Amino acid sequence: MIVPPESLVPTTAPHASTTYADWAAAHDPAAAGAARELVDGMRTELGRTWIRPGRFVDAMAVRARRLPPAHLPWFWDTVGHRLIGCGSRPGGRAYAAARAAETEHGLPVDPGRSHLRHPPPPSLGPRRTARRGRVT
């Protein structure tokens with residue numbers, strides 16, 4: 001069963017994303033239970049390492065080593081969703097790992113839908129840069 005990617009993207013509360021587990025249920029039902037457990041474990045691990053989200057990414061990298069290549073982009077995108085609000089660097093590492101998995105394993109990439117897996121950041125309005133005091 002092919003599921004439209006739009007249905008897998010979190011529209012509310014991306015920090016609680018289950019995109020990977022939803023994708024696995026639709027595309028690899030045999031692995032759906034393990035994917036759900038992995039996503040549930042993300043909540044626990046992020047809660048444990050919340051003050052240092054980079055450690056969360058490191059812990060997820062260890063778990064990602066056990067996944068089949070086709071699962072990696074969806075897994076890493078879900079990790080990135082979970083990191084929204086934790087700063088740009090850890091989430092950026094997760095999204096970079098997703099794109100690297102697509103490239104490294106020759107997985108199909110649909111440029112028309114790649115933006116769907118990355119929820120847009122919330123609008124913060126004008127911000128002042130810390131050093132220069134100017135609005136950006």
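This passage describes the confidence of a predicted model and the contacts between helices α1 and α4.

The mean pLDDT of the chain is 78, and 70% of the residues score at least 70. Among the elements of the chain, the highest mean pLDDT, 94, belongs to helix α3 (residues 53-64), and the lowest, 88, to helix α5 (residues 88-104). Over residues 112-116 the pLDDT falls below 50, and this stretch has five contacts in the model beyond near neighbours in sequence. Residues 118-136 also stay under 50, with 19 contacts beyond four places in sequence.

Three aromatic pairs are present in the structure. One of them joins Tyr20 and Phe75 in an edge-to-face arrangement, with 5.8 Å centre to centre and 85° between the planes. Tyr20 belongs to helix α1 (residues 19-27) and Phe75 to helix α4, so the pair ties together parts 55 residues apart in sequence. Tyr20 has a relative accessibility of 2% and therefore counts as buried; Phe75, at 0%, is buried too. A stacked pair is formed by Trp23 and Trp74, with 5.9 Å centre to centre and 15° between the planes. Trp23 in helix α1 and Trp74 in helix α4 are 51 residues apart, and their pair links distant parts of the chain. Trp23 is buried at 9% relative accessible area, and Trp74 is buried at 7% relative accessibility. Ring pairs also link Tyr20, Phe75 and Trp76 into a cluster.

Thr78 is located in helix α4 (residues 72-82). Its relative accessibility is 0%, so Thr78 counts as buried. A polar atom of the Thr78 side chain lies 2.8 Å from the backbone nitrogen of Tyr20. Beyond neighbours within four places in sequence, Thr78 is in contact with Ser17, Thr19, Tyr20 and Met42.

How values were computed. Residues are numbered from 1 along each chain as its sequence is written. This is a predicted model: local features need pLDDT of at least 70, side-chain atom pairs count only at pLDDT 80 or more; totals for chains, interfaces and linings use all residues. Side-chain values use heavy atoms; hydrogens and water are left out. pLDDT is the predictor's confidence in each residue, from 0 to 100. Helices (H or I, at least four residues) and strands (E, at least two) are DSSP runs, numbered from the N terminus. Contact means heavy atoms within 4.5 Å. Buried means under 20% relative accessible area, exposed over 50%, partly exposed in between (1.4 Å probe, protein chains only). A polar contact is a pair of N or O atoms within 3.5 Å; within protein, one must be able to donate a hydrogen and the other to accept it, and residues adjacent in sequence count only if both atoms are side-chain atoms. Rings of Phe, Tyr and Trp (its six-membered ring) pair if their centres lie within 6.5 Å; planes under 30 degrees apart count as stacked, over 60 as edge-to-face and the rest as tilted.
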